[in-house]
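I opened a notebook page for this structure.

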Amino acid sequence: VQLQASGGGLVQAGGSLRLSCAASGIGFSLGAVGWCRQAPGKGREFVAAISWSGGDTYYANSVKGRFTISRDNAKNTVYLQMSSLKPEDTSVYYCVAGPIATMRTGGARVWGQGTLVTVSS
């Protein structure tokens, strides 16, 4: 299983950004693909995930209503559309895969490389 994340950058507060995660070797048994993030000096936290089989979506309370996770099955790509960004969203965002229960604790079975999102005030 390989996960390739892209799309990070610098954006002003209130702006939008879209992250992409190209996945290969993903099977239904892995569970879900999603995003965890880690801000400077803090631990990793769950952001959002989408079930690889049924397409159910899951969000952290801190991003609900602002972020939308989706997938393109033909491209094996998962997207995270981030809107109304806040300075506290500044983090390294990691594309991850594995059981939802594990992701909700900020962990994952498979980690891709991170992409930095910086939100300026």
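Which residues does S91 touch, not counting those up to four places away in sequence? I am working from a predicted model. I listed R37, Q38 and A39, and then T115, L116 and V117. I placed S91 in strand β9, which spans residues 91-98.

Is S91 buried or exposed? I read a relative accessibility of 1%. The cut-off for buried is under 20%, so S91 counts as buried.

**Entry: rings**

Next I searched the whole structure for aromatic pairs and found one. The partners are Y94 and W111, and the geometry is edge-to-face. I noted 5.5 Å centre to centre and 80° between the planes.

What does this pair tie together? Y94 lies in strand β9, while W111 lies in strand β10, residues 110-120. The pair therefore links parts that are 17 residues apart in sequence.

Y94 has a relative accessible area of 16% and is buried. W111 is at 29% and counts as partly exposed.

Where does the charged end of R44 sit? I found it over the ring of Y94, 4.9 Å from the ring centre. The charged end of R44 also sits over the ring of W111, 4.2 Å from that centre.

**Entry: core**

I turned to the largest nonpolar core, which has 39 residues. Which of them touch the most other members? I wrote down W35, L80, M82 and Y93.

**Entry: sheet**

In what order do the four strands of the open sheet run? I noted β1-β3-β8-β7, with antiparallel pairing. At the edges stand β1 (2-6) and β7 (67-72). Each has a single partner strand, so one side of each is left without a neighbour in the sheet. The twist averages 20° from one strand to the next.

How many bridges join β7 and strand β8? I counted six, in the antiparallel sense, with β8 covering residues 77-82.

Note on methods: Residues numbered from 1 in each chain as written. Predicted model: local features only at pLDDT ≥ 70, side-chain atom pairs only at ≥ 80, totals over all residues. Heavy atoms only, no water. Helix = DSSP H or I, 4+ residues; strand = E, 2+ residues; numbered from the N terminus. Buried < 20%, exposed > 50% of the residue type's maximum accessible area, 1.4 Å probe, protein only. Contact = heavy atoms within 4.5 Å. Phe/Tyr/Trp six-rings, centres within 6.5 Å; stacked < 30°, edge-to-face > 60°. Lys NZ or Arg CZ within 6 Å of the ring centre and 35° of its normal. Core = buried A, V, L, I, M, F, W, Y, C linked by side-chain atoms within 4.5 Å. Pairing = 2+ DSSP bridges. Axes fitted to C-alpha atoms, helices over the stretch in contact; angles between N-to-C directions.
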